[in-house]
Amino acid sequence: MNACAIVIGINDYQKPGIPNLFGAVGDAADFADWALDPGGGNVRPEHMYFWTSPAPAAPSARLAAFLANPTVWTNGTAVSLGRPPRAQEISDTALMMSRDLPSAAPAITRIYVFMAGHGVQSVAIGVQRDAQTCFVAGDFNPGSATYGLIPCDDLRRGLLQMGYFSEAVMFFDCCRSPMSLNDPAPLLPWPRGAGQDAPFGIGRAARRGAKAFETPEKTPNRGAFSTVLMEGLRRHRNAANELTLNDLEVYVSNTIQSVLDESRQYPYFDIDPRNPPFCVLQAPVASPPFRSTSRSRTTTRRDRCNSSMQMERSSKRKSTGRPASRRRRARCTRSRRPTAASPTLSGTMDQGRPMSHSSTLPELTNLSADGPPGIEIQIIDGRYQVLARGTEFVEKPLPQGIYIVRWMLPEKPDEKMVRLLPSATGQHVKFPGIPAAPKGSARDVFARVAASAEKAPQQQQSDIVILVRNRGNVLAGSTDSENDVRLFDRDEVAMRSDSSALAAAQTERLDTGAAALKAYRVPAGNYRIRYMTCTGLQLDQTIVAINGRRTLVFLTREATETLLSADDKFKRHTFYGVNPERTVVLTVPIQAGPVPAVNDVRMAEVLLDALAIGGDPLDERMLARLNAVDTDPLLRLYAAALIVSQLARKGSPALDDPYPASPATKSASDPAVQDFEKHWRGKALDLIKGIVPQDSSPDLFALRWELGHTAEGSLTAPTMLAISWECAARHSTGTESAVPDTASFRGASLGRVAAGPWLAWRPSSAKETSLLEDSPKAASKSLDDALSEFTSGLASAIPSNTDLPALHDTLSKLSVGTRGLISAARDLNFAPNQARSAAANLAGTLLTPAGQLRDRLQQATQELAAANASPPPRSRSSSAEPPALRRAITHFDDPQKGRFGGQPERDGFELTASFEETNDPKWVQINLLVTAQPGPPQTATEAEFFLHDTFRRERIKSPFQQGEAHLPLRAFGGFTVGVWIASHQIELELDLAELPDAPTIVKEW
């Protein structure tokens, strides 16, 4: 296969606010050497695009020959190894490669992407569905939002557009720590094109929200991830001399422990397809085996996270009598100790052999293992190659030696090292059993809470018990945990906790590490839980109360270090709050059996984990348990949702029933695929039909719609699960009334954030009512018409042959929401006879119901028309920008608060607000007014209002007329308004919720 590569490594960003790294250039040079090797990546020199800052100190002979005549980047840009590459240089070169190389002779069908340096994790805002890993390019400036970042997932989607590359293999050795900016990931300025179902693999150095580190012990000079990655690429092969991404993932994940402590870094791979495995290359090993020469290793770590941008230099530290470099190393070192969960193997591990072996070829002996339903079992050899995998029972004939049997438990994998000897009867390894729940663990706390809650007399038919547990380094008293979590009914009324009913559990909470415990006696129905997250956001999430059952909501509270922009630097800030990805929700009968069974808690964890990241735990034994009469209805719901989710991914819900063939080669019209999906959709319907009552959760309606079952009516609340919300959004394109257009539903679509399997949203995301609601209802177009006009407007404003400068100019005139809509629409087929399916796909992609999608399409069409007719935007001078924009955002749900000085009156100018009722009690008319006093203030020409970030136009200018500047708004809830009067360099600030005459909807929302 012919391939090309773009390889980047940045040690020196040449920015005072961004610390240098030690190993990124060496990592890039090592990958480039492998890529240029005919026995490795097999990339010809003219198809290699390489850029590091600074130049590699000691390049290999292959790389040195390439650097003598390096490939010129796009627009004739010569590679300058004295500076880091800019974001547009990277983006434009990748686009040029995508356009030109696949049509070359011979055609280049695969692209390798390798980037090493600083990285961050963006936030999910508006139509940006998920957070993205972003690579920090050379022109990134702390304090300038997301300009200068390369969104890695969007880059992959762009490279695999129809007519571009057929495969993409990408590796990113950078941090994924969250960066809370008031912008989503930047939109790549690429022309819109149809997507294709192309194979890809992405290896990330760390799991989401975590850091990546450098090594080794004394002077860091390589990334830990890149070190083991390159060993795997060069020497990890199966018996057929093949290297698959599946095997590479296992090798890297296990071998990284040899250069870094177990608790430090967990690589994360995203591979499609996984079955059959994605083959990277077929060639013999390219270098000597990797050797681990010591059981104990001291590692100095430098993290590849931009959270270090505020790191103090050694010259600023207190003197301790030691050199600065020694002091820094002392703060960053750790000794690695062998653990039972991660066996440490010293000595050589030769290619193709088990961990130990005899001098003569032994007979094959069957090694088998059993496990509980839904838990994957793996048999692993000395090369960390997975030899066999399955559920319930796995067996494999093997030569004598030492192997590992691993059970993939959700909380932490359990392993057993086995010495296999020749035997006619074979050797069987029994599952060690679910370990006893440690004090404070999820299962332990669930049991105690349920048991304690049962001691109170029951007055209602259902109740909700909420427990918040501290995890990790959460400081006692860091926030008021008791008030961090609240429960609301569907009328937005806050419920009162009956804490007296839980006295026994409250007494135990110091032992369990619990921070808050609340019980609510409520009628059956839909409720919303509201909490502060560990990233500083306030989120809402639907919780159901089922007749005759107790709903147990287990929340985990953590500390997360996040970046805040301040002037031209970033500073670290630690937030304490709930991590929504770790939430577990179960129900138990109120009267009988109040303590959830250990298997129920484990099954919930397995199913929710599979929903979040993809998985196949639904073997026959697990399905049999789920179909039992006394099964928790939420477990049935999670299993049905997992089936829908896996089929949408073109994957199987069960390890023992694989998908018919590779998704890249099988179409939906293939009989084998149709039979497979029909079989599993039937199982999902059977699971749903067993839930009583059938209206106990809004998810049941959404899943029945998706499975083609007749279910009339509309949702009464947003769904619990994200996949159910996606199903409801698609269904609404045919039945718009299925999803109402109220504040909660608007918030769920406008403010949805990544929360694992759950649908969680910012309640502050529905501040502004739709601008189109002021128009007569008769003027509203159908969704199909709105989509058709948007498509025409997009083709007119951004033709397919648009050059990059013109594309940049057009995109710069559009709002963030419209740019996101264009990005999501790029992969859809807008053929006239497929308008409805395109609308449904777009609604599902954006998680936006039909009514709101229609409004967004109409708004985007208006913006595209205006952008097409207006001249390119002029850059703002520094004096025209308020200093507030350079100050840190400390209230993410109210981004202007504290940034405009905190005073509504200053130097002859005053900002006031008045309120008027509307025909909807949940919306309020807000009239903002800036008054200029007689004298010099009367010379002001205009005031610029800065509103909540959920407004489509959050910056609006209003001229002064007779000493007054007006701005009328229609909104839901309160927020802080900032005003900037550029002519007088005046900032004003007013928190609407703090005004004494503000209505309740403004004060409380």
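Across the whole structure, which is a predicted model, a search finds 28 salt bridges. Three of these pairs are listed here.

| Aspartate 27 | Arginine 222 | 2.4 Å |

**Salt bridges**

In the salt bridge between aspartate 27 and arginine 222, the closest N and O atoms are 2.4 Å apart. This pair links distant parts of the chain, since aspartate 27 belongs to helix 1 (residues 24–36) and arginine 222 to strand 10 (residues 222–223), 195 residues apart. Aspartate 27 has a relative accessible area of 0% and is buried. Arginine 222 has a relative accessible area of 18%; the limit for buried is under 20%, so arginine 222 is also classed as buried.

Aspartate 33 is buried at 10% relative accessibility, whereas arginine 62, at 37%, is partly exposed.

A network of salt bridges with shared partners connects Asp27, Asp30, Asp33, Asp37, Arg62, Arg222 and Arg234.

**Aromatic pairs and charges over rings**

The count of aromatic pairs comes to 16. For tyrosine 638 and tryptophan 758, the ring centres are 5.9 Å apart and the planes stand at 85°. Planes over 60 degrees apart count as edge-to-face, so this pair is edge-to-face. Tyrosine 638 lies in helix 13 (residues 633–648) and tryptophan 758 in the loop between strand 31 (752–753) and strand 32 (760–761); the pair links distant parts of the chain, 120 residues apart. Tyrosine 638 is buried, at 0% relative accessible area, and tryptophan 758 is buried, at 0%.

One aromatic cluster is formed by Phe31, Trp34, Tyr112, Phe114 and Phe171.

Charged side chains also sit over rings. Arginine 530 lies over the face of phenylalanine 488, 4.5 Å from the ring centre. The charged end of arginine 704 is placed over the ring of phenylalanine 701, at 5.0 Å from its centre.

Note on methods. Residues numbered from 1 in each chain as written. Predicted model: local features only at pLDDT ≥ 70, side-chain atom pairs only at ≥ 80, totals over all residues. Heavy atoms only, no water. Salt bridge = Lys/Arg side-chain N within 4 Å of Asp/Glu carboxyl O. Helix = DSSP H or I, 4+ residues; strand = E, 2+ residues; numbered from the N terminus. Buried < 20%, exposed > 50% of the residue type's maximum accessible area, 1.4 Å probe, protein only. Phe/Tyr/Trp six-rings, centres within 6.5 Å; stacked < 30°, edge-to-face > 60°. Lys NZ or Arg CZ within 6 Å of the ring centre and 35° of its normal.
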